Amino acid sequence: MKQAYTWSAIAVIVFASTTGDVLLSRAMKQVGDVGALWRLSGLWTVLGRVLRNPNFLLGVLAMTTAFYSLLFGLSWGDVSLIAPASASLTFVTNAVAARIFLHERVDHRRWMAAVLVAGGVVLLAA
Amino acid sequence: MTFRKYLVLAGVTLCASIGDSLLSRGMKQVGSISLHHLSDLILAVLNPSVALGILLLLGFFASYMTALSWADLTYVLPATSLGYVLLTLIAKFYLHESVTTSRWIGVLLISSGVGFVTQGPALTHHPQKANPYEAEYEPASMKDGQ
């Protein structure tokens with residue numbers, strides 16, 4: 001039963017974290033190049049655009065959910081399983097979600113990078 | 001990719017790993033916090049390591065958002081994962097912890113992943129975009145890291 005709770009927590013963390021990353025990425029693409037915008041219109045314009053973007057606010061909400069799910073997960077399960085499993089799976093799910101929802105061109109190089117980094121994270125926590 | 005953009009990616013990596021380390025050290029100095037004394041959590045912010053850690057994590061968030069404004073998510077995430085490698089090097093050479101062979105292999109895999117992704121383009125071009133500030137837009141003053 002404890003295993004089921006642990007893997008449920010990992011699933012929620014990965015889902016919320018991926019949702020947050022995709023929403024934040026979409027928000028920042030809608031805002032545009034922050035450096036260029038800052039030079040042309042100033043810091044307050046940049047902050048106003050970011051903070052008024054609904055995708056940014058939803059992204060922060062999703063990341064907050066991921067953070068608290070991690071805290072709850074750690075109170076039930078083993079940190080040596082939950083932390084690396086959620087971190088490494090998030091690299092892979094982000095690649096899938098970015099391809100589907102952000103229409104990013106995830107070529108073999110990016111797939112290799114996501115898989116290598118995910119594997120590396122698992123080994124670092126082992 | 002300009003030199004300035006590589007600096008932003010380095011900012012994401014450094015702020016996240018050093019911020020996490022400082023928060024971890026600070027919270028160990030503060031001690032365990034009970035659910036019945038949540039006010040201790042507010043007082044923990046007064047610890048210099050915790051305060052500096054929070055500042056660095058704010059810096060991480062700002063540089064992460066900046067990077068996402070001109071690069072793909074599938075570029076930024078692997079490219080900034082060198083933080084894991086940095087933490088291992090800090091553990092080995094600064095904290096003098098023992099690092100196992102499997103962790104060194106992990107470092108090698110992450111470094112290879114970063115090498116793969118940084119050799120490719122940072123952004124997928126969508127020709128239908130109309131926003132004049134979209135990530136493809138790069139004023140002449142930014143080119144070549146000026």
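My entries on the fold, the core, the chain contact and one glycine follow.

**Ground rules.** I am working with a predicted model, where local features need pLDDT of at least 70, side-chain atom pairs count only at pLDDT 80 or more, and totals for chains, interfaces and linings use all residues. Residues are numbered from 1 along each chain as its sequence is written, with chains lettered from A and ligands numbered from 1 in the order in which they are written.

**Chain B, overall.** I found six helices and zero strands in chain B; helices are DSSP runs of H or I with at least four residues, strands are E runs with at least two, and both are numbered from the N terminus. I noted that 34% of the 146 residues of chain B are buried, that is, with 20 or more other C-beta atoms within 10 Å of their own C-beta, placed from the backbone (12 or fewer is exposed, in between is partly exposed). For contacts I used C-beta atoms, placed from the backbone, within 7 Å. Among the contacts in chain B with a separation of 6 or more, 75% join residues 24 or more positions apart.

**The core.** A nonpolar core here is a set of buried Ala, Val, Leu, Ile, Met, Phe, Trp, Tyr and Cys residues joined through C-beta atoms within 7 Å. The largest one holds 69 residues, and A:Val117, B:Val12 and B:Ile110 are among those with the most contacts inside it. Helix H1 (residues 2-31) of chain A gives the most to this core, 11 residues. I then followed B:Ile110: leaving aside neighbours within four places in sequence, its contacts include A:Leu116, A:Val117 and A:Gly120 from chain A, and B:Ser81 and B:Tyr84 from chain B.

**Between the chains.** How many residues does each chain bring to the contact? I read 37 from chain A and 36 from chain B. On the chain A side, H6(A) has the largest share, 12 residues.

**H5 and H6 of chain B.** B:Leu82, B:Tyr84, B:Val85 and B:Thr88 in H5(B) meet residues of H6(B) including B:Val107, B:Ile110 and B:Val114.

**A glycine in H1.** I looked up B:Gly11, which sits in helix H1 (residues 3-30) of chain B. Is B:Gly11 buried or partly exposed? B:Gly11 counts as partly exposed because it has 19 C-beta neighbours inside 10 Å. Not counting residues up to four places away in sequence, B:Gly11 touches B:Gly59 and B:Ser63. I also noted 8.3 Å between the C-alpha atoms of B:Gly11 and B:Tyr64, which are 53 residues apart along the chain.

Terms used:
Contact = placed C-beta atoms within 7 Å.
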